[in-house]
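Subject: Handing over a structure

Dear colleague,

I am passing on to you the structure that follows, together with some notes on what was found in it. Please read the notes with the structure open beside them.

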Amino acid sequence: MEAPTNLVAQRRFKLAELKRRGFDPYPHRFDFTHSITDLRASFDRLTGPELETRPERVRVCGRVMSLRPQGKAGFLDLSDGEQRIQVYMRRDKVDDASYDLFQLLDLGDILGAEGVLFRTRTNELTVLASRLQHLSKNLIPLPEKWHGLTDVETRFRQRYVDLIVNPEVRAVFAKRSRIIREIRSFLDSRGYLEVETPVLQAIAGGALARPFITHHNALDLDLYLRIALELYLKRLIVGGFPRVYELSRIFRNEGISTQHNPEFTMLEFYQAYSDFRDLMDLTEEMITQIVEVVTGSRTVTYQDQVLDFNRWQRYSLRDAIVRFWPESVPAPAGDDLKSPERLRALARSVNAKFELTDGPGKLLAAIFEEVAEPHLIQPTFIYDFPTEVSPLSKTKPDDPETVERFELYIAGMEVANAYSELNDPAEQRARFEDQLRQRGLGDDTAHAMDEDYIRALSYGMPPTAGEGIGIDRLTMVLTNSRSIREVILFPLLRPEADTLPQALGEVDADK
RNA sequence: GGGCCGUUAGCUCAGUCGGCAGAGCAUCUGCCUUUUAAGCAGAGGGUCGCUGGUUCGAGUCCAGCACGGCUCACCA
């Protein structure tokens with residue numbers, strides 16, 4: 001049979017040839033002595049003469065990333081995803097089966113190699129193979145070795161390929177895992193209990209956002225995917241756990257952008273007998289520690305900025321508006337940030353978007369987002385938010401229009417949101433009712449009434465502070481990623497066109 | 001959802017004024033026992049995203065559609 005020209009068909013041909021010669025194309029295991037990363041850690045420092053004096057016999061396995069045949073010998077590179085090791089095969093050092101296998105190898109195959117370590121003339125640490133074992137077949141050719149895979153759509157749809165050929169992508173997700181591990185360790189060491197609460201909820205509460213709707217068949221019940229972790233975690237504070245956290249996925253039925261994916265990962269933690277000031281200090285400590293552990297420094301380059309986590313800033317929302325007010329527009333005077341008429345005029349003057357039904361709180365928030373948010377590059381806490389946009393927060397003792405709440409901004413992105421939790425059930429009911437009025441005015445992100453939550457508060461919830469941290473955005477900052485899709489393994493994309501089954505059929509068709 | 005941009009070989013990309021579909025890597029054949037973007041000689045490989053239109057002739061011009069990127073809107 002002639003070798004076919006189509007690349008996939010060529011590889012299927014080689015797979016059949018492997019079978020024909022008695023190789024198991026998909027064996028069950030390989031008994032390795034070192035991962036490639038471990039191997040390098042152990043032997044990178046040994047010289048050629050040292051390796052000759054004390055011969056080291058190893059079995060390693062990984063994906064063939066480079067093949068350099070050279071007559072009756074040849075080199076190949078095996079990768080474990082992180083590191084590579086060179087393997088040298090020569091006719092007079094291996095058995096016939098291993099030699100045949102080498103002739104049939106393709107880039108991308110998974111291979112096991114046994115042999116002794118040595119250094120080549122160019123001083124490269126190398127396994128001199130005595131035996132090669134085929135472990136799995138690559139049927140779809142990998143992207144090119146030099147330019148790699150750059151097509152963004154393919155990188156996201158086939159993240160597995162992205163991870164095989166782009167080590168820096170792998171590094172991003174290793175960092176993400178490290179961030180999450182540090183968060184858990186930080187909270188665990190402070191007496192927090194990690195808990196899991198429902199994803200499927202009859203009332204999607206705890207945030208101002210539109211939910212996804214789903215359906216339970218047996219109960220014939222429409223349910224929502226959660227938009228926040230908040231309300232169930234506070235029920236647990238009522239239940240007597242003084243410190244709880246959940247680090248998990250939430251879902252918001254909103255647009256997709258470089259900073260938004262419909263499902264994203266949120267950390268929420270709640271601490272009884274504390275207020276939002278305690279969490280400001282805690283957040284500064286936690287994030288500084290994560291930054292240092294994950295990046296090795298307290299200064300981080302993000303795009304063309306240097307973020308300095310030695311110098312955290314704190315402004316009230318009103319101060320931030322005044323401080324970052326554009327020079328070209330007349331600045332607000334003393335009481336301007338209080339009257340709805342003046343606020344509307346100011347919002348118009350800076351092109352902030354608002355509805356005519358918006359009260360002073362919403363107007364203030366809209367002005368803040370337009371005027372100040374883009375300037376909040378360095379780690380900055382903004383505190384004292386309008387009650388109108390904070391239906392679950394406790395008001396300040398001397399000002400019912402303002403709540404004890406802060407948001408953390410880094411690189412112009414909102415990364416965290418925290419407040420002293422409102423625990424007065426009567427006031428909570430009134431706030432929900434106000435939200436229902438806003439919903440009636442057309443705001444479909446306004447909060448729904450949650451009677452069970454009010455009932456829980458009625459049993460008595462200790463004074464509590466709670467916070468949410470957007471893990472994806474924090475990861476963006478620490479991996480210098482411009483798009484949230486770069487830090488989510490499988491970001492949401494429209495389904496692939498119907499060309500996929502054909503491509504697969506080509507691969508699957510057995511012979 | 002709006003605006004702008006993109007889609008050509010497995011991958012990365014050229015393709016002039018509308019006139020035979022190109023390169024590098026990868027693949028295949030031959031040679032090559034310390035190479036490493038190995039080398040030398042030769043060869044094969046295309047639904048130019050899809051559907052229409054204009055034209056003697058369309059990868060190229062026009063329209064619609066699909067998918068993606070950036071951006072605006074929405075949000076965290």
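The side chain of S420 lies 3.1 Å from the backbone nitrogen of F276, and it also makes a polar contact, 2.6 Å in length, with the side chain of E404; a polar contact here is a pair of N or O atoms within 3.5 Å, where, within protein, one atom must be able to donate a hydrogen and the other to accept it, and residues adjacent in sequence count only if both atoms are side-chain atoms.

Before going further, please note that this is a predicted model, in which local features need pLDDT of at least 70 and side-chain atom pairs count only at pLDDT 80 or more, while totals for chains, interfaces and linings use all residues. Residues are numbered from 1 along each chain as its sequence is written, chains are lettered from A and ligands numbered from 1 in the order in which they are written, and side-chain values use heavy atoms, with hydrogens and water left out.

S420 belongs to strand β18, residues 413-420 (helices, H or I of at least four residues, and strands, E of at least two, are DSSP runs numbered from the N terminus). S420 is buried, with a relative accessible area of 2%, where buried means under 20%, exposed over 50% and partly exposed in between, using a 1.4 Å probe and protein chains only.

Of the atoms of RNA strand B that come within 4 Å of the protein, 60% belong to sugar and phosphate. A base oxygen of the RNA lies 2.4 Å from a polar side-chain atom of Q86, and a base oxygen is 2.7 Å from a backbone N or O atom of R121, whereas an N or O atom in the side chain of R485 is 2.9 Å from a phosphate oxygen.

Finally, there are the strands β3, β4 and β5. Strand β5 (residues 125-136) runs parallel to β3, joined by three bridges, with V87 opposite V127, and antiparallel to β4 (residues 110-119), joined by ten bridges; two strands pair if DSSP finds at least two bridges between them. In the hairpin of β4 and β5, five residues lie between the strands, and N123 takes a positive phi near 70°.

How values were computed. Near = heavy atom within 4 Å.
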